Amino acid sequence: MFKNSIAMSRPLLKVIKVLVVVSLLTILTQVGGIIYLLYFLVKNRIEKVWANTTRLRILKPILFVGMYFLFSLTLVPLLARYYGRVPLPIAGDATLKPLSAITWIFNRHYVKPALKDIAMGTASKLSKRYPGTVLYYLDANFPFIDGFALWPHLSHNDGKKLDLAFCYLTATDGSRTNKTPSFIGYGVFVDPVKGEADQPSNCKQLGFWQYGFMEYLVPQGKKEDFVLDKERTKTMIRLFSHNKQVKKIFIEPHLKTRMGLVHDKIRYHGCHPVRHDDHIHIQI
Ligand SMILES: [Zn+2]
C-alpha cells in the first residue's frame, strides 16, 4: 500500500518539479521556461535510447545550458524585433556595457531601438568628454510582450525603461574609475547626509519595507572605497534630460539637490519602487 502510493506520487512530483523550474526560469529570464520545456522533450527522447545514467547525468546540464545560450543568442534577438525590441551591446569595446553579465545572460537587456540609440549616443558623448568612461546599464526589459514585467521592476514591461549605474571616484585619491561599489549596480546606496532630504527614512517609516531591501542582499564591503562622481553623473543625467524622447528620469531627491540638477523630467518616484540613490531610471 505504502509502496503503491510512493509509486503513484512519483509522476506527480516530477510534474510539480518541472512546473516550479519552468515558473522560476520564466520569472527570471522570460524565455528560460520555454527552453526548459524543449530541453525536457529532448532529454526524454535521449533517455529512451541511451540508458547510461552516469553519462546522462553529465550530459543533461550541458544540454540545457547549450540550448539556453543557443536560443538566447540567436533566435531570441531575431524574434524580439517583431516585438519592436533590440538587445543592448553586451561585449567589445563599446562605451555602453552591461555592468553584470547576469543582465544579458538572463535576457534582461532589451529595449526599443530609439532607447538603444539614446543610451549609446549618451555613452559616446560622455566618453568623449571624459575619455575612458564606460556607461554601465543595469536592468532594461525582457525581449517579448508588453505588460510582461521584469521582476522586481514592475514598470520595466514595454521596452521603454532602462536603469543605469552612477559614475564613481576612488575614495583614496579621488581619481575617476569605471568600477562600482555593487557588483550588480544595485543595493550600495549614496546615502543622504545631515541636512539633506531623507526620503529613504521617510518611506521606511511609512512602512514601505521593500524600498531599501536591496541593501540586505548585496555585499556592502566596497561601499567606503567609492565616492559618487558628481560631475560625470550630473553630465550623464543632463545629457539624457536634454533628449526630447526621454520623458522621465528617476533619482532620489537628496542626490538631485546635491548635484544641482534642475529639470522637470528629473523626478521623485514615490515609496512604491526601490531606492534610486544607487542608480538612475530613464524612460522614453
Ligand atoms: Zn528602473
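Predicted model: local features only at pLDDT ≥ 70, side-chain atom pairs only at ≥ 80, totals over all residues.
Stop 1: Begin by colouring residues 2-82 as domain 1 and residues 85-283 as domain 2. Their centres, taken over C-alpha atoms, are 34 Å apart. Now look at where the two domains meet: 15 residues of domain 1 and 16 residues of domain 2 take part in the contact.

**Stop 2: the largest nonpolar core.** Next, select Leu162, Leu164, Ile237, Phe240 and Ile280. Within this core of 33 residues, these five touch the most other members. To see where the core comes from, show α5 (113-129), β4 (135-137), β5 (161-165), β8 (226-228), α8 (230-241) and β11 (279-283), each of which gives two or more residues. Which element gives the most? That is α5, with 5 residues.

**Stop 3: around Phe240.** Zoom in on Phe240 and leave aside residues up to four places away in sequence. Its contacts then include Ile118, Ala119 and Thr122, along with Leu135 and Leu164. Val246, Ile249, Ile280 and Ile282 also touch Phe240.

**Stop 4: a second core.** Select Val18, Val22, Ile35 and Tyr39, which are among the 15 residues of a second, separate core.

**Stop 5: the largest pocket.** Finally, select Arg108, Asp139, Trp151, Pro152 and His153. Of the 36 residues lining the largest pocket, these lie nearest its centre. The space inside comes to about 820 Å³. Colour the lining by class and you will find 20 nonpolar, 11 polar and 5 charged residues.

Conventions: Residues numbered from 1 in each chain as written. Heavy atoms only, no water. Core = buried A, V, L, I, M, F, W, Y, C linked by side-chain atoms within 4.5 Å. Buried < 20%, exposed > 50% of the residue type's maximum accessible area, 1.4 Å probe, protein only. Helix = DSSP H or I, 4+ residues; strand = E, 2+ residues; numbered from the N terminus. Contact = heavy atoms within 4.5 Å. 1 Å grid on protein atoms, 1.4 Å probe; cavity = no way out; pocket = protein on both sides within 12 Å on 5 of 7 lines; lining within 4 Å. Points joined across faces, edges and corners; volume = space filled by probe spheres on them. Nonpolar A, V, L, I, M, F, W, Y, C, P; charged D, E, K, R; others polar. Domains from an automatic or database assignment.
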